[in-house]
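Please keep the sequence and the model at hand while reading.

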Amino acid sequence: MKVAETESREHREIFQFSIFAENKVGCLNAILKRLQEKGIAILALTCVDQTDCAVLRIVPSYPEAAEEALKSAGMEFSKSPVLAVKLTQNCDLTKITQSLAQTEINIHYLYPFLCRPDCGSALVLSCDSPYLATSVLSGFGVQILSLDDIAR
């Protein structure tokens with residue numbers, strides 16, 4: 001049974017998986033292939049090269065299924081909530097950073113989505129207190145996206 005048939009399309013928050021992988025040829029391909037075989041699309045992706053390993057950060061279309069697939073593969077990972085913010089103008093990035101700085105919410109890192117159904121730009125944002133950040137950003141007119149807004 002495909003993931004799309006088993007998961008409801010109700011409002012869902014966005015989760016990022018930080019996967020700790022060996023820094024060797026083909027490792028990224030093996031991870032992505034395993035997720036693809038389970039019907040899981042990668043909506044956003046970044047990779048940080050460390051000395052002994054690589055940290056692959058992904059936002060999957062189906063977090064529950066991705067967690068199950070990674071566990072069954074014996075992969076070491078962590079799961080955390082992140083924000084997805086829509087960018088409509090160049091000044092949106094400054095609005096995001098300024099509003100969070102004014103309220104003393106630290107941005108840990110950010111990276112772009114690979115693609116979205118409406119072809120618009122969006123960022124994955126990891127920060128202190130994502131729930132408070134959602135409220136702050138919304139108050140400054142920044143559109144926060146849900147998994148339903150970005151998943152296929």
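Which residue stands opposite Q16 in strand 4? The residue opposite Q16 is S80 of strand 4, in a model that is predicted.

Strand 1, residues 15-22, and strand 4 pair in the antiparallel sense, and six bridges link them. They belong to an open sheet of four strands, whose order is 2-3-1-4 and whose pairing is antiparallel. The edges of this sheet are taken by strand 2 and by strand 4 (76-81), each of which has a single partner strand, so that one side of each is left without a neighbour in the sheet. Direction ignored, neighbouring strands here are turned against each other by 20 degrees on average. Helix 2 packs on the sheet, where it touches strand 1, strand 2 and strand 3 (53-60), and the direction of helix 2 makes about 140 degrees with that of strand 1.

In general, the strands of a sheet pair through backbone hydrogen bonds, in either a parallel or an antiparallel manner.

The bridge partner of Y109 in strand 7 is S126. Six of the seven residues of strand 7 are buried, so this strand is largely enclosed by the rest of the structure.

**Helices 4 and 5**

How do the two helices pack on each other? For helix 4 (residues 91-102) and helix 5 (residues 130-139), the angle is about 120 degrees and the axes are 10 Å apart. The two helices are therefore oblique to each other, and their crossing is right-handed. The contact is made by I96, S99 and L100 on the side of helix 4, and by A133, V136 and L137 on the side of helix 5. Sorted by class, this contact of helix 4 with helix 5 holds five nonpolar residues and one polar residue, with no charged residues.

**Selected residues**

Most residues other than glycine have a negative phi. Against that background, E104 has a phi near 60 degrees, a positive value in a residue other than glycine, and S129 has a positive phi of about 45 degrees although it is not a glycine. E104 is placed in the loop between helix 4 and strand 6, whereas S129 lies in the loop between strand 7 and helix 5.

| Residue | Relative accessible area | Class |
|---|---|---|
| E104 | 73% | exposed |
| S129 | 36% | partly exposed |
| A41 | 18% | buried |
| C127 | 8% | buried |

C127 is found in strand 7, and A41 is found in the loop between helix 2 (27-37) and strand 2 (42-49). Since buried means under 20% relative accessible area, A41 at 18% falls in the buried class.

What is C127 in contact with, leaving aside its neighbours within four places in sequence? The contacts of C127 beyond those neighbours are L83, I105, N106, I107, H108 and A133. A133 is also one of the residues through which helix 5 makes its contact with helix 4.

The C-alpha atoms of C127 and A41 are separated by 24 Å, with the two residues 86 apart along the chain. A41 and I144 are 103 residues apart along the chain, and their C-alpha atoms are separated by 20 Å.

Technical notes. Residues numbered from 1 in each chain as written. Predicted model: local features only at pLDDT ≥ 70, side-chain atom pairs only at ≥ 80, totals over all residues. Heavy atoms only, no water. Axes fitted to C-alpha atoms, helices over the stretch in contact; angles between N-to-C directions. Parallel < 35°, antiparallel > 145°, perpendicular 65-115°, else oblique. Left-handed = near helix turned anticlockwise from the far one by under 90°. Contact = heavy atoms within 4.5 Å. Nonpolar A, V, L, I, M, F, W, Y, C, P; charged D, E, K, R; others polar. Buried < 20%, exposed > 50% of the residue type's maximum accessible area, 1.4 Å probe, protein only. Pairing = 2+ DSSP bridges.
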